[in-house]
Amino acid sequence: MSATIKPVTGAQFSRIHGVGGYRPTRVIPNAEVLNWIDSSDEWIRSRSGIAERRWAGPEETVAEMSVQAAAKAIAMSGIDPAQIGGVIVATVSHLKQTPAIATEIAQRLGCGTAPAFDISAACAGFGYGLSLADGMVRGGSAEYVLVIGVERLSDLTDKSDRSTAFIFGDGAGAAIVGPSDTPGIGKVIWGADGSQADVISQTRAWDTAFAKPDAVNGAGEEIKWPALRMEGQTVFRWAVYDMAKVAQQALDAAGITADQLGAFIPHQANMRIIDAMIKTLKLPAEIPVARDIVETGNTSAASIPLAMERMLERGQAKSGDLALIIGFGAGLVYAAAVVTLP
Amino acid sequence: MATQTEVLEGLAEIVNEIAGIPVEDVALDKSFTDDLDVDSLSMVEVVVAAEERFGAKIPDDEVKNLKTVGDAVNFIVANV
């Protein structure tokens, strides 16, 4: 007779208990960007909505920014770090691959031996992490999970590329996901489309970047540090029209209509994408929309938790409100869900 | 099948709605970027609206070839 494995039970529902962000101290206004590219403040604002972004200094490492953001999220949630049973760090700009930066972050926060790992899902990273955390809490493998989105995109910015040099910023955002008496995270609508892998990507792999110029890059070609590049029009079309459908699916899956939302918090990719998405979604004009991109630029995986924290801080949305979040980016990958704000 | 005149009229309405350009300014010889100040992102919105209105498929690779209103009108007429 075979033995029976003891069943694992988790929480019936989950929600976000706390959110926190870290913004680097150094502000880079558009005027400074104009030292590198032939453009104008007006051009940058009209194409992206960005007025300034934050770039991290040498001390503001991926781990340091993550720890600062996470400490705020933990404090808001009122839990002890030792109760955290999983640490997920979403990033594409931690340049030391091994070990995962999540382990150092978990140790510094006092999360004991909680499993800790990094995920690579670009600007959908926070949503991917949220989906995993929700599954872990409800599946019974963790009581509380810390999800961090963190980027130092300034390290992967080609300052001579006038189509991207003004877009990217640095920062970290964190959220604590844990058990709830009522549903606080709707079904996450997530996916990937590898047929469009080239639309947003790192310019070259690290091995070719470090290879001798004549071995890989052709004799005499300069060895260039890899940077992020994208095909603007293709990304815009996909982000506005395909992602509006994904956002609608997230609303439908949660059984929520747009007029019941207290906030719309899309990935802060570009103000033009945000505005066009609102139009395509037919979002009611009175729903507050995150526009953190004006001051923060595009911080990839960090943008949604940073924008969420800012909306709560400024009273644009309040605890208990329903928010529609959607991340989308290199992969191409996406993740959208309706969540209850902490 | 749409005629050149019909497509031009429809396209002028789309450009007006998206970029606020007066309908009468949207003429065949006008450049989207230089004359009408339709930037690359607004151009994507124009293209998607034109696809819906005329039932034409305008691939991303083709969009960069549509320099003038006439280029767009001719492409749509030939591809619906």
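Two residues are in contact here if their C-beta atoms, placed from the backbone, lie within 7 Å. This is a predicted model, so local features need pLDDT of at least 70 and side-chain atom pairs count only at pLDDT 80 or more, while totals for chains, interfaces and linings use all residues. Residues are numbered from 1 along each chain as its sequence is written, and chains are lettered from A and ligands numbered from 1 in the order in which they are written.

Start with where the chains meet: nine residues of chain A and eight residues of chain B take part. On the chain A side, helix 8 (232-254) and helix 9 (271-281) each give two or more residues, and helix 8 gives the most, with six. (Helices are DSSP runs of H or I with at least four residues, strands are E runs of at least two, and both are numbered from the N terminus.)

Now hop over to Ser40(B), which sits in helix 2 (residues 40-54) of chain B. Beyond its neighbours within four places in sequence, Ser40(B) is in contact with Gly232(A) and Gln233(A).

Back in chain A, Asp321(A) is in the loop between helix 11 (303-313) and strand 12 (322-329). Setting aside neighbours within four places in sequence, Asp321(A) is in contact with Gly262(A), Ala263(A) and Leu341(A). Asp321(A) is also partly exposed, because 17 C-beta neighbours lie inside 10 Å.

Terms used
A residue is buried if 20 or more other C-beta atoms lie within 10 Å of its own, exposed if 12 or fewer, and partly exposed in between; C-beta atoms are placed from the backbone.
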